[in-house]
Amino acid sequence: MSGFAFNDLSASFGDKRVVGPLSLEVQQGQHVALVGKSGAGKSTLIKLLYERLTHQASLVPQGLGLVNALPVFHNVFMGQLDQHPLWYNTLTLIRPFRKDRDIIGTLLNGLSISEKQWVPAASLSGGQRQRVAIARALYRSAPMLLADEPISALDEPMAHLVMKALTDQFSTSVIALHDVDMALAYCTRIVGIQDGRIALDQPASELQAADIMALY
Amino acid sequence: MLSYPTVRVSLLFLAIAVAGLFVADIAITTANPWRDLGQFFIGVATPNFFSTEGLLTALLRTVAFGFVGVALGSFFGFLLALVYRLLPVRIFCAFIRAIHELFWALIFLQFFGFHPLTGVLAIAIPYAGIFAKVYSEILEESDPEPSRLLPPGTSAIASFLYARIPDCWVQIRTYTAYRLECGLRSSAILGFVGLPTLGFYLESSFSQGMYSDAGAMLILFYVLIATMPIWVRPKLLPAYLLAAPFFLGEGFPIVWGNVERFFTEDIVPSPLRNGEGLAGLSSWLGDVMITEALPGIWNTIVLTQVALVATGLLSLLAFPLISKHFGGPVRRTSGHVFLVIARSTPEYILAYILLQLWGPSMLPAVVALALHNGGIIGHLIGRQTNAIELRPDAPTGFTRYSWELVPRVYRSFLAFLFYRWEIIMRETAILGILGIYTLGFYVDSAIQNIQFDRAMILILITASLNIGVDVLGRFIRRKLALQTMPTC
């Protein structure tokens with residue numbers, strides 16, 4: 001199963017309700033774009049979903065959550081720490097195995113950052129960091145993707161490359177996006193969020209960019 | 001000005017210290033203090049490095065005890081840091097670090113004798129308590145996000161190794177290196193209770209008036225500390241750690257009968273040992289309190305408060321010495337040299353030297369504590385002012401000092417000062433061993449009189465006093481919202 005249906009999703013900061021209550025059902029095979037103004041509640045909704053879907057979903061959070069002191073390779077490898085025994089993980093920390101080096105090298109090559117494989121995450125630029133977090137999510141290869149503004153720091157050709165890789169590999173995804181054209185190009189369904197509630201929910205094929213701009 | 005809480009707290013502490021000066025004994029009792037001081041400086045200026053081969057051995061032993069003690073302390077401190085959130089662990093760590101290295105050494109000497117284990121444990125135990133606290137603070141500050149993103153089913157150890165440790169590794173390494181420096185100082189002063197480190201040779205050359213030998217030792221010690229970045233290299237560290245245990249010396253074998261007797265007889269309060277029951281115990285405790293503990297506590301507190309304020313004044317006077325906002329490169333370099341010497345001389349050695357020269361009173365202790373701690377805080381604050389960019393038309397001279405710099409660094413100055421409050425009190429208590437009437441004096445005399453039961457009670461009282469000051473210091477820092485970091 002890699003779709004989900006949740007009722008009564010809601011979150012508050014102190015007294016202030018920021019999301020919901022709302023219901024969201026996503027079927028396997030759907031690529032859902034969350035659109036809406038900053039502060040509408042998209043990030044909080046992604047967090048709520050990840051809390052419930054931890055076992056099935058790869059997450060690309062807005063803060064990226066990289067370990068700055070570790071090289072790119074290890075940051076990506078962390079996506080599969082659960083797949084190996086402790087001795088294997090510990091040895092990898094000191095000296096990675098060829099098999100993993102090859103797999104992760106190919107993955108990074110696809111995102112055009114293979115030359116940074118052994119560089120600590122701390123010394124990367126914003127766009128490079130974002131691609132490392134994406135590589136980690138791809139490497140984890142969970143059935144579903146939850147991503148919060150995964151292409152905000154990328155130039156246009158790179159953004160297309162990343163959106164294609166994400167929607168190709170994950171059969172189901174929920175991606176918060178600022179860029180309306182990207183949302184229409186790569187997602188199958190658009191969910192507009194306004195003041196913490198769903199204000200729009202339609203297949204991408206039935207929408208124009210102008211319809212979405214009404215939310216902003 | 002009085003409306004600032006930081007100013008009011010400072011004035012309160014200043015008033016307490018001034019009142020303390022009236023009741024404290026701060027006389028110079030030797031006939032010719034300045035001549036002795038002059039002779040000592042001549043000794044330092046004409047060091048004799050070749051008088052005995054004992055000097056190099058002492059240096060080697062000092063390094064060996066420092067390395068083994070700090071290594072064990074950091075290992076066990078790290079393990080304790082992992083469970084530091086448990087209250088019993090926190091209390092245990094607060095307790096073992098509230099007892100000074102020299103007190104631990106005095107305790108172990110009674111049953112292990114002059115065995116290397118005495119010196120190693122005397123450093124390792126209090127350091128484990130300090131490491132546990134600081135490591136746990138560093139670990140707590142690491143970014144929690146990466147471990148939240150790990151796939152479920154990741155083992156706790158793998159998660160710790162990947163998402164926690166790398167994030168704090170640099171801080172842990174820096175702090176451990178700093179503690180290693182402290183460990184070398186602790187190791188040096190263990191010589192004063194008879195272990196074969198620098199302090200032992202310093203004391204014997206001093207008592208024979210061989211100031212040039214003493215000077216040679218001090219100079220070697222400064223060189224040892226100052227060159228640490230050169231000879232302590234990550235790649236060489238495993239070699240040092242493997243070799244260090246073999247350079248601790250033989251000492252004397254442990255007599256296990258002594259160990260048993262110490263725990264089953266020596267430290268049992270004498271009325272209980274003699275079967276005098278609870279009535280005997282309470283009158284014995286009352287006697288310890290009135291004749292030893294209370295005068296010791298009083299003197300320790302008075303001296304601590306005076307030394308704390310003296311430290312503060314000295315730091316405020318000293319930080320311009322290394323600040324880029326004053327003077328040229330020549331002044332700053334000599335300022336650095338002065339502060340390095342002030343802070344790398346253990347306060348115990350400073351106090352010992354000044355006591356020999358000026359005679360026993362609180363004055364040498366205050367000067368020693370202020371020089372050492374003021375050197376540390378002055379260095380930290382001076383470095384901080386170098387990060388401040390003043391506007392191009394900022395005033396110069398004293399106006400620059402009092403209007404531009406002091407207001408900017410005053411809060412962190414107070415934070416450092418209150419952080420060192422507990423450390424100053426720990427040192428004040430221990431300086432009693434040199435003959436000032438603080439708690440250490442009474443502990444030392446009880447041990448000399450083979451009354452270990454009294455000594456243990458007094459050590460426990462000293463520990464609780466330190467814990468109390470630590471809690472109070474943290475309370476004041478929180479009240480004044482002073483940021484602190486585990487740097488000193």
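Student: How many residues of chain A are in contact with chain B?
Tutor: On the chain A side there are 22 residues, and they are in contact with 19 residues of chain B. Keep in mind that this is a predicted model.

Student: Which helix of chain A gives the most to that side?
Tutor: That would be helix 3 of chain A, residues 86-94, which gives four residues.

Student: And how do the residues on the chain A side divide into nonpolar, polar and charged?
Tutor: The side of chain A that touches chain B has ten nonpolar, ten polar and two charged residues.

Student: How do strands 7 and 8 of chain A run, parallel or antiparallel?
Tutor: Antiparallel: strand 7 (residues 189-194) of chain A is joined to strand 8 of chain A by six bridges. To find the spot in the 3D view, look for Arg189(A), which stands opposite Pro203(A) in strand 8 of chain A.

Student: What about strand 4 and strand 5 of chain A, parallel or antiparallel?
Tutor: Those two pair in the parallel sense, with four bridges. Ser58(A) has Leu145(A) in strand 5 of chain A as its bridge partner.

Student: And which way does strand 5 pair with strand 6 of chain A?
Tutor: Also in the parallel sense: strand 5 and strand 6 (residues 172-176) of chain A share five bridges. Asp148(A) stands opposite Ala176(A) in strand 6 of chain A. Between strand 5 and strand 6 of chain A, the chain passes through helix 6 (residues 156-169) of chain A, making a right-handed β-α-β crossover.

Student: How many residues of strand 5 of chain A are buried?
Tutor: Five of its five residues are buried, and strand 5 of chain A is mostly covered. Met144(A), Leu146(A) and Asp148(A) point one way from the strand, while Leu145(A) and Ala147(A) point the other way.

Student: Let's switch to chain B. At what angle do helix 5 and helix 6 of chain B cross?
Tutor: Helix 5 (residues 101-112) and helix 6 (residues 116-140) of chain B cross at roughly 145°, and their axes come within 8 Å. The crossing is right-handed.

Student: Which residues meet there?
Tutor: From helix 5 of chain B they include Trp104(B), Phe108(B) and Phe112(B), and from helix 6 of chain B they include Leu117(B), Leu121(B) and Ile125(B). The contact divides into eleven nonpolar, two polar and one charged.

Student: Last one: how far apart are the axes of helix 15 and helix 21 of chain B?
Tutor: The axes of helix 15 (residues 277-318) and helix 21 (residues 452-479) of chain B are 11 Å apart, at an angle of about 35°. This crossing is right-handed. The contact has seven nonpolar, two polar and two charged residues.

Notes
Residues are numbered from 1 along each chain as its sequence is written. Chains are lettered from A and ligands numbered from 1 in the order in which they are written. This is a predicted model: local features need pLDDT of at least 70, side-chain atom pairs count only at pLDDT 80 or more; totals for chains, interfaces and linings use all residues. Two strands pair if DSSP finds at least two bridges between them. A residue is buried if 20 or more other C-beta atoms lie within 10 Å of its own, exposed if 12 or fewer, and partly exposed in between; C-beta atoms are placed from the backbone. A crossover is right-handed if, with the strands pointing away from the viewer, the path from the first strand over the helix to the second runs clockwise. Two residues are in contact if their C-beta atoms, placed from the backbone, lie within 7 Å. Ala, Val, Leu, Ile, Met, Phe, Trp, Tyr, Cys and Pro count as nonpolar, Asp, Glu, Lys and Arg as charged, and the others, Gly among them, as polar. Axes are lines fitted to C-alpha atoms, for helices over the stretch in contact, and angles run from 0 to 180 degrees between N-to-C directions. A crossing is left-handed if the near helix is turned anticlockwise from the far one by less than a right angle, and right-handed if clockwise.
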